[in-house]
Amino acid sequence: QALLGRSSGVGAERRKTAQSQGRARRASAAAPVPARASGGARARTSRTRHVKPKQAANRCGTICAMANADDAVSARTRIALIGSGIFARNTYAPILSEPSFAGKVELAFVWSRGEESASAIHDLVAPWAPQCEKKFGEEGLQAILESNECDAVVVILPPKIGLEVTLRALRAGKHVLQEKPVGTSREAIEGAIRAYDDLGQWRPVWGVAENYRFEDVYRFARTRIAEDLGDVISISLNASLKLDESSPYYHTSWRHSSSELPTVGGKSAGYLFEGPVHFMAAIRMLAGEVGSAGAGHRVSGSGTVHSAHKKLNQVDTLSGWLRFDDGNDRCCTASVTICYASAAPCVRFVVTCEKGFFEIERVAGKYVFTEGGSGERREFPFSGVKNEIEYWLEAVARQRSFASASGADGGSRLGRKVGFVDQQFPEISSAEALGDVDALLTLLGQ
């Protein structure tokens with residue numbers, strides 16, 4: 001058993017712009033309410049400068065309120081799917097085929113590293129996107145990045161190559177929605193953010209897709225916290241996950257790799273990194289950390305890992321704690337247990353607040369929210385991926401109209417003012433994605 005923990009600085013300075021929306025933004029979120037259903041390690045600390053929270057408009061679900069109707073660009077955003085893996089085929093492709101996206105998106109290209117996999121996803125989307133072209137390999141990728149028939153790309157690749165492709169696309173003037181995790185180390189992510197900043201005042205939208213930030217259940221939880229339950233005192237997460245050869249994700253080689261994903265003690269932490277970054281996003285959101293760091297804000301924690309899975313050959317079980325201090329004598333703690341060697345799945349958050357508590361349990365196809373005391377129970381179908389895509393498309397449309405009005409060089413394809421995403425669409429900012437990775441690496445002792 002390895003006991004982990006360290007203290008070091010984080011690129012939290014990069015998060016200060018994204019955090020300008022603040023806790024007030026979370027408190028004002030009007031979430032839709034669905035129908036009712038019957039160890040001894042040394043702690044690591046990071047600090048951020050204070051940016052006073054500002055009142056902001058609603059997030060996904062009411063994103064159209066973020067821009068006046070006459071600000072929208074009528075033309076559909078022409079996109080390319082970069083990647084043909086399980087999530088691209090089983091999640092992105094079906095969602096983009098829904099009628100609600102017909103007036104917003106035109107799928108212009110699909111791309112994969114190999115011709116066979118590119119053909120497979122092309123055949124999948126052809127019935128609803130007959131205009132879509134298939135590309136593969138380096139030559140195909142470069143053709144997409146140089147094409148005037150593509151405004152934006154959705155990057156659905158392992159994090160290391162995903163971050164590289166994202167930067168290439170941004171430099172080529174394409175808007176990007178990059179699947180989480182944004183990267184595998186603080187240094188790589190901070191370097192990418194600096195490179196993005198270096199593109200200057202007019203640059204494309206870079207969004208990072210973290211669907212847990214867009215799940216209706218967590219929005220509803222933040223509303224209950226703001227309206228009745230008071231500040232969060234503690235969060236407990238138990239994520240017992242079953243992983244065996246029956247799971248399609250078990251057969252993705254990069255998740256088993258010690259070069260594609262972080263290692264702990266010489267062993268890959270692939271599954272403990274790629275999936276649990278979702279849980280960090282949820283914890284930070286429930287704690288009110290997203291967009292709300294203030295003077296003296298600190299995130300500290302440590303964890304211990306070990307291997308329990310008989311066949312996985314990597315560290316697969318994590319237990320640890322995180323502490324969020326706001327610099328004003330208020331703190332929130334989180335205890336975290338994540339295990340990929342369980343015989344059956346169980347993912348449950350228990351959140352204790354000043355005036356009550358609630359539980360969130362993830363089950364097949366939905367979340368179940370139960371409020372303590374009253375026993376009130378509500379069910380929320382999974383909605384995060386669709387919500388985040390809509391949110392990103394709204395950011396792109398808003399940016400394109402802004403660029404057109406400004407007359408910036410490069411027109412609607414290149415125009416984007418510095419701070420646009422961080423200030424007006426912070427939930428998809430690379431700064432928030434860095435915050436998620438930072439919390440997870442803290443638990444892993446990185």
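**Labels and their cut-offs**

Biologist: Why does Leu167 count as buried?

Modeller: Its relative accessibility is 15%. Buried means under 20% relative accessible area, with exposed over 50% and partly exposed in between (1.4 Å probe, protein chains only). At 15%, Leu167 therefore gets the label. One caution: this is a predicted model, where local features need pLDDT of at least 70 and side-chain atom pairs count only at pLDDT 80 or more, while totals for chains, interfaces and linings use all residues. Residues are numbered from 1 along each chain as its sequence is written, and side-chain values use heavy atoms, with hydrogens and water left out.

Biologist: Which residues is Leu167 in contact with, leaving aside its neighbours within four places in sequence?

Modeller: Ala192 and Ala195; contact means heavy atoms within 4.5 Å. Leu167 and Ala195 are 28 residues apart along the chain, yet their C-alpha atoms are separated by 7.9 Å. Leu167 itself is found in helix α5 (residues 159–171).

Biologist: On to helix packing. Why are α6 and α13 called roughly antiparallel?

Modeller: Their axes come within 10 Å and cross at roughly 170 degrees. Axes are lines fitted to C-alpha atoms, for helices over the stretch in contact, and angles run from 0 to 180 degrees between N-to-C directions. Under 35 degrees counts as roughly parallel, over 145 as roughly antiparallel, 65 to 115 as roughly perpendicular and the rest as oblique. The two helices are therefore roughly antiparallel. The contact includes Ile189 and Ile193 of α6 and Leu434 and Leu441 of α13.

Biologist: And what makes β9 and β15 a pair?

Modeller: Two strands pair if DSSP finds at least two bridges between them. β9 (residues 232–240) and β15 (residues 346–353) have eight, in the antiparallel sense. Strand β14 (residues 331–339) is joined to β9 by seven bridges and runs parallel. Look at Ile235: its bridge partner in β15 is Val351, and in β14 it is Ala334.

Biologist: Last one: why do β5 and β8 stand at the edges of their sheet?

Modeller: That open sheet has six strands in the order β5-β4-β3-β6-β7-β8, with parallel pairing. β5 (133–136) and β8 (206–209) each have a single partner strand, so one side of each is left without a neighbour in the sheet. Neighbouring strands there are turned by 20 degrees against each other on average, direction ignored. Helix α3 (residues 115–125) packs on the sheet, touching β3, β4 and β5.

Definitions and conventions:
Helix = DSSP H or I, 4+ residues; strand = E, 2+ residues; numbered from the N terminus.
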